[in-house]
Amino acid sequence: MAWKVLQRRKFFTFISLFGISFTLMILLVVYALYDHTVGPHTPEKRVDRLLFTSSLYLWSPQTENGGHPSYSFLEHYIRPLRTPEKVSISTGHGVAVAYVGNTKLELAQKYTDGEFWQVLDFDFLEGRPYNPQEVRAAAHVAVINESTARNYFGAARGVLGRTIVTDEVRYRVVGVVRDVPASRVFTYAEVWMPITTSTQDIHNAEYMGSCMAILLARRAADVPAIQQEFARAVRQVPPPTAVYKWCTEVRLYAGSLLATTVRERLGEDGPDDGVVWFGQAGAGLLLLFMLLPALNLVNVNVSRIRDRSSEIGVRKAFGATSGALVRQFLVENLFLTALGGALGLGLAAAALHFINTSGLVAYTQFELNGRVFLGAVVIILLFGLLSGVYPAYKMSKLQAVQALKGASNPA
């Protein structure tokens, strides 16, 4: 019956399906981007147990200076924390230059400690990570991603023990990992080396530098306790007296992957300000984006009621209750929404395929996984209810005599 109803006014059906499918496509693409950036994916599979800290602020009532903390700062004040299971210190990514014949390769490089491979879950195709002993010994060993192995050596496997030369420094390859998407900004690289082999002075006592820390909790329930211990440790940091003599307070926060990503993008120096703003803005935009097509669909459905007033009058004359009519119309609307949802899923998959093949984000393959699909189901049901409740109520209130005469306003 629902399918026959949709075929009566094909133009209205087209408008309805277009609004539903286009809205759902946009929402699914945005959610897929969000999930792939801050969701539990390789190498941050244990995202519920991870805390990140990457921005240090030297603050005074008159001014502030923001940047990344130094290795010595994190080693002295953050590494000794007792609540986390592991603490890793690494640099942000830079660029290393390598040559294959006359071909120049610019590789995203990251210097890390040995704990980096213990707090994260990389997918090793062959070999192993370098360990803390090799880091302390400043061993010239490296882990590379499969694309670098293929571009530099001509194969993604069978390269263990071979030498890669970056910035005229020789490193022995000890492991090859599956490509990490560039959207995982705190762990992404194409080649990883021990932090003790970097050119920066890791023993420099200045607070500002180019490093970040990742903290792994023993269990998700320990995250608040780690943040409390982290905050206590930062409060005990004395203001610097060498370069930044004007500084009266040091600010550094440990947050989830989402919180730290938002703080980095917005430049917030508060613990949760950016996340609260992001959540409020996201919820508002989501509601607005769903409300506009829902209102349009309500108007279309009300127009359908006018065309079906005679049918409603006949059904009421033969004893159909208002509840039965409401259920019928909601089922029809949910059927229409489900059909539009299926089209929206197809459009979203096509849009994500285009983004993946365009190479806009290196090594990134956005997909409609289980979480995205579940979100789609919830959105479809919510959209169907939002756009169907009022027209169904309006239809059920039509009096039989008025309906048979073609009246469209309920008594």
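Glu 249 is partly exposed, at 32% relative accessibility. In this predicted model, Glu 249 forms a salt bridge with Arg 251, with 3.4 Å between the closest N and O atoms. Arg 251 is buried, its relative accessible area being 18%. Elsewhere, salt bridges with shared partners link Glu 75, Arg 79, Asp 113 and Glu 115 into one network.

Twelve salt bridges are found in the whole structure. One of them joins Glu 134 to Arg 128, the closest N and O atoms lying 2.9 Å apart. Glu 134 counts as buried because its relative accessibility, 13%, is under the 20% limit. Arg 128 is partly exposed, at 33%. Arg 219 and Asp 222 also meet through their side chains, at 3.4 Å from N to O. Here Arg 219 is exposed, with a relative accessible area of 52%, whereas Asp 222 is buried at 15%.

An open sheet is built from four strands in the order 12-3-2-14, with antiparallel pairing. Its edges are strand 12 (208–209) and strand 14 (249–252), each of which pairs on one side only. Strand 2 (residues 56–59) and strand 3 (residues 64–69) are joined by four bridges in the antiparallel sense. Tyr 57 has Gly 66 of strand 3 as its bridge partner. Helix 3 (residues 71–78) packs on the sheet and touches strand 2, strand 3 and strand 14. The directions of helix 3 and strand 14 make an angle of about 90°.

The largest nonpolar core holds 71 residues, of which Phe 73 and Trp 192 touch the most other members. Strand 13 (residues 211–216) gives the most to this core, contributing six residues. Leaving out residues up to four places away in sequence, Phe 73 touches Leu 56, Ile 78, Tyr 207, Val 237, Val 250 and Leu 252. Another core, of twelve residues, lies apart from the largest one; among its members are Leu 28, Phe 366, Ile 379 and Ile 380.

Gln 227 lies in helix 7 (residues 223–235). Gln 227 is partly exposed, at 32% relative accessibility. Beyond its neighbours within four places in sequence, Gln 227 contacts Leu 51, Ala 254 and Gly 255. Tyr 253 is 26 residues away from Gln 227 in sequence, and their C-alpha atoms are 8.0 Å apart.

Helix 11 (residues 322–358) has 37 residues. From first C-alpha to last, helix 11 reaches 53 Å, close to the expected 54 Å.

Key
Residues numbered from 1 in each chain as written. Predicted model: local features only at pLDDT ≥ 70, side-chain atom pairs only at ≥ 80, totals over all residues. Heavy atoms only, no water. Helix = DSSP H or I, 4+ residues; strand = E, 2+ residues; numbered from the N terminus. Expected span 1.5 Å × (residues − 1). Core = buried A, V, L, I, M, F, W, Y, C linked by side-chain atoms within 4.5 Å. Buried < 20%, exposed > 50% of the residue type's maximum accessible area, 1.4 Å probe, protein only. Contact = heavy atoms within 4.5 Å. Pairing = 2+ DSSP bridges. Axes fitted to C-alpha atoms, helices over the stretch in contact; angles between N-to-C directions. Salt bridge = Lys/Arg side-chain N within 4 Å of Asp/Glu carboxyl O.
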